[in-house]
Amino acid sequence: MNSESMPTGQPDNDRRDFLKYVLGGGLLAWLAAVLYPVFAYLKPPKQAEVEVTSVKAGKVSAIEKDSGVIVRFGNKPVILVRNAAGEFRAFSATCTHLDCTVQYRKDMGLIWCACHNGRYDLNGRNVAGPPPRPLDEYRVVIQGDEVSISKKA
Amino acid sequence: MKTLGSKLYDWVDERVKLGTLVEYMGKKYVPVNRHSIWYYFGGVSLFLFIIQVVTGILLLLYYKGGEQLAFESIQFIMSKVQFGWLIRSIHSWTANLFILTAMIHMFSVFFEKAYRKPREITWVTGMLMFFLMLGFGFSGYLLPWNELAFFATKVGTDIAGAVPVVGKPIMVFLRGGDDVTGATLSRFFGFHVAVLPGIFTVLLGIHLLLVQRQGMSEPISHEHVPATERKTMPFFPNFLLRDLLFWLVVLNLLAVLAVFFPWELGKKADPFGSAPAGIKPEWYFLFMFQTLKYIPGKILFFDGEVLGIAVFGLGGLLWLLVPFWDRKSSRGEPNRLINYFGIFIVLYILALTIVGWML
């Protein structure tokens, strides 16, 4: 009856092993078939984004000297800074530390992140606090009175 | 003439034999010693959890998820729905008190070494519930979709993203995309009202079952006292009534807090606004937040934030597994190292929380 207790049970054990592999393998395949769609579902699909290369940021006359504004660049915020001399600079407004949105601080003459006190100078260089990298720079083009921002090539 | 109650009891008893259960409960005793006060903090945490479930369900009746709806629906709850302000305020305050009482419960268990053999599983399930509570706090914080919550979520999920290798996919999974958007709000809503409560309830069931099965832990110093000389009190009704009295006090405290210090809603989140000055997370994340401020961008070859996460992660893991490396306590010997370790952690958390609060 019990093949394992028989000394000559070799063929039966082979059959048992065979069944073990078939059933075990079947179980694994079944698990994969169930789990794969679930895990694939968790991954958000890529949304079709309109590739933005340039945005209008407003009129030169409307932006005060020694100030900064956040401009919407596609779905990313960009900070447009006009220094005391009247020159424009634009940087990604996303702090390189932990993803907060930076702001221009008149009193410090710096770009500052409120979340963890990170500081960047007006060239976008990280000068104090935890930010590990400078802010990415954008190109500012002035045509007549119109300020526009575009990605650096 | 039998009362309706006893008739009902007999009806059930005849079918499911309640007798043994009642006998078991009647024999339940709680040890009485100078540390007994700490026993109440587990019970009160359970009470606060129940309040969260009830008020959470009530909020669900009016809350709407989505970038365009979430903030407005909370405004609606607080201004139009009768007692909506109260329910929302109670839910927010209870969340904070819940974490506080659970922390007190956790530290008291830690310093009493009540996690020692045979209560390792109780400790681990308790700690897992504590981590889930932080998840509840973090996910629930975003649901009103206000400015502070928006940036808190950006920072929190970006921290997860800084973990090498697995970080990025985890961040995308949490955010429902590369950025914090309405998709994040939908996911957090799901975590907050379905995923976390489901897992939490299972852990809570195990935790409570173990407490019933093993009884309350006694201080190590009492283990040498003969059983006949140990003071106890019956759970029913002596301890339970004291428990309920404490619950009542906490409920009153909650009412006072919710009425006199209503929870603010703040400004609606603007994905194209700067992070507001003075932004800080909830008090229970403050010590980690403050630490992140002090870590420089680069330490040797490592990213500062990655190093910070590694240290906190390792600390949390050590804490979770303390019953398994504190062998001395399980043998009933005093272990000073554990005390120093615990005191260091408490002081560190207190100091950085206070500094974070002041600055």
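**Exercise 1. In which loop does A:Asn117 lie?**

Step 1. A:Asn117 lies in the loop of chain A between strand S6 (110–113) and strand S7 (118–120). Helices (H or I, at least four residues) and strands (E, at least two) are DSSP runs, numbered from the N terminus.

Step 2. Before going on, note what you are looking at: this is a predicted model, in which local features need pLDDT of at least 70, side-chain atom pairs count only at pLDDT 80 or more, and totals for chains, interfaces and linings use all residues. Residues are numbered from 1 along each chain as its sequence is written, while chains are lettered from A and ligands numbered from 1 in the order in which they are written.

Step 3. Now look at the backbone: A:Asn117 is not a glycine, yet its phi is positive, about 60°. Most residues other than glycine have a negative phi, and most peptide bonds are trans.

Step 4. Finally, A:Asn117 counts as partly exposed because it has 15 C-beta neighbours inside 10 Å. The cut-offs are these: 20 or more other C-beta atoms within 10 Å of its own make a residue buried, 12 or fewer make it exposed, and partly exposed is in between, with C-beta atoms placed from the backbone.

**Exercise 2. Describe A:Asp66 in the same way.**

Step 1. A:Asp66 sits in the loop between strand S1 (54–59) and strand S2 (67–73) of chain A.

Step 2. Its phi is near 60°, a positive value in a residue other than glycine.

Step 3. A:Asp66 counts as partly exposed because 13 C-beta neighbours lie inside 10 Å.

**Exercise 3. Work out how chain A is laid out.**

Step 1. Start with the elements: chain A has one helix and 10 strands. Along the sequence, they follow the pattern α-β-β-β-β-β-β-β-β-β-β.

Step 2. Chain A has a radius of gyration of 31 Å, well over the 15 Å that the globule rule gives for 153 residues, so it is more spread out than a compact globule. The radius is taken over C-alpha atoms, and the rule is 2.2 Å times the number of residues to the power 0.38.

Step 3. Along the principal axes, the C-alpha trace of chain A spans about 100 × 35 × 25 Å.

Step 4. Chain A is divided into domain 1 (3–42) and domain 2 (54–151), with bounds from an automatic or database domain assignment. The centres of these two domains, taken over C-alpha atoms, are separated by 61 Å.

Step 5. Of the 153 residues in chain A, 27% are buried.

**Exercise 4. Which elements of chain B give two or more residues to the side that touches chain A?**

Step 1. Count the contacts: 27 residues of chain B are in contact with 21 residues of chain A. A contact has C-beta atoms, placed from the backbone, within 7 Å.

Step 2. The elements that give two or more residues to this side of chain B are helix H7 (147–162), helix H8 (167–175), helix H11 (286–294) and helix H12 (304–320). H7(B) provides the largest share, five residues.

Step 3. The residues on this side of chain B divide into 14 nonpolar, six polar and seven charged. Here Ala, Val, Leu, Ile, Met, Phe, Trp, Tyr, Cys and Pro count as nonpolar, Asp, Glu, Lys and Arg as charged, and the others, Gly among them, as polar.

Step 4. For the model, the scores are ipTM 0.82 and pTM 0.91.

Note on methods
Contact = placed C-beta atoms within 7 Å.
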